[in-house]
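Here is a short briefing on a predicted model.

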Amino acid sequence: MCTGLFRYYRGVWCVDFEFRTSPGSRPTPVCLVAREVRSNRLLRVWADELANLTEPPYPTGPDVLFVAYYAPAELGCHLALNWPLPEDMGDDALEKRLFSRTGVKTGQRHRIEPDWAELARELKR
């Protein structure tokens, strides 16, 4: 599995909200689905449960990578629920953590790289 990735992160959470919204307003979350890549733990949380949570059901600290299909939507849902924002997320954050020499071709970097094909398969599950 993505062993190189897990050297830098305690967890990798793929998060997706479904929500309703109208122009100029914050989203109203309908449900949340999140999967932790290493453990394969799956969370499904509906609106009534979301309303009772004071923080996300997954960690958001600097040792956890937050992966989102469309980050502005997921972050908007965090804000709508008054949850803290993830501290580390997105491709830029991942690139910085994994590679000290960004811009160098894949396979020629000094750190161990994840198996990108395996990572893509895991994220599609």
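Tyrosine 58 is buried, because its relative accessibility is 3%, below the 20% cut-off. In this predicted model, tyrosine 58 pairs with tryptophan 83: the ring centres lie 6.5 Å apart and the planes meet at 85°, so the pair is edge-to-face. Tyrosine 58 sits in the loop between H2 and S4, and tryptophan 83 in the loop between H3 and helix H4 (90–98). The pair thus links distant parts of the chain, 25 residues apart.

**Aromatic pairs**

- The whole structure contains four aromatic pairs.
- One of them joins tryptophan 13 and tyrosine 58. This pair is tilted, with 5.8 Å centre to centre and 35° between the planes.
- Tryptophan 13 belongs to strand S1, while tyrosine 58 is in the loop between helix H2 (47–50) and S4, so the pair ties together parts 45 residues apart in sequence.
- Tryptophan 13 counts as buried because its relative accessibility is 4%. Tryptophan 83 is also buried, at 4% relative accessibility.
- Ring pairs connect Trp13, Phe17, Tyr58, Phe66 and Trp83 into a cluster.

**Sheet**

- Four strands make an open sheet in the order S3-S2-S1-S4. The pairing is mixed.
- Strand S3 (42–46) and strand S4 (64–68) are the edge strands, and each pairs on one side only.
- From one strand to the next, the twist averages 20°.
- Strand S1 (residues 11–20) pairs with strand S2 (residues 28–36) in the antiparallel sense, over eight bridges.
- Across from phenylalanine 19 stands proline 29 in S2.
- Helix H3 (residues 71–80) packs on the sheet and touches S1, S2 and S4. The direction of H3 makes about 80° with that of S1.

**Cysteines**

- How many disulfides does the structure hold? The count is zero.
- A disulfide needs the two sulfur atoms within 2.5 Å.
- Cysteine 77 is likewise in no disulfide, with the sulfur of cysteine 31 as its nearest cysteine sulfur.
- Cysteine 31 counts as buried because its relative accessibility is 12%.
- Cysteine 77 counts as buried because its relative accessibility is 0%.

**Helix H5**

- Which residues of helix H5 (residues 116–124) are buried? They are Glu118, Leu119 and Glu122.
- Viewed down the axis of H5, these buried residues fall within an arc of 100°, so they line one face of the helix.
- An α-helix has 3.6 residues a turn, so residues three or four places apart point the same way.

**Whole chain**

- The protein has five helices and four strands.
- From the N terminus on, its elements run α-β-β-β-α-β-α-α-α.
- Of the 125 residues in the protein, 39% are buried.
- Take the contacts between residues at least 6 apart in sequence: 52% of them join residues at least 24 apart.

Terms used. Residues are numbered from 1 along each chain as its sequence is written. This is a predicted model: local features need pLDDT of at least 70, side-chain atom pairs count only at pLDDT 80 or more; totals for chains, interfaces and linings use all residues. Side-chain values use heavy atoms; hydrogens and water are left out. Two strands pair if DSSP finds at least two bridges between them. Helices (H or I, at least four residues) and strands (E, at least two) are DSSP runs, numbered from the N terminus. Axes are lines fitted to C-alpha atoms, for helices over the stretch in contact, and angles run from 0 to 180 degrees between N-to-C directions. Contact means heavy atoms within 4.5 Å. Buried means under 20% relative accessible area, exposed over 50%, partly exposed in between (1.4 Å probe, protein chains only). Rings of Phe, Tyr and Trp (its six-membered ring) pair if their centres lie within 6.5 Å; planes under 30 degrees apart count as stacked, over 60 as edge-to-face and the rest as tilted. The arc is that of the directions from the helix axis to the C-beta atoms.
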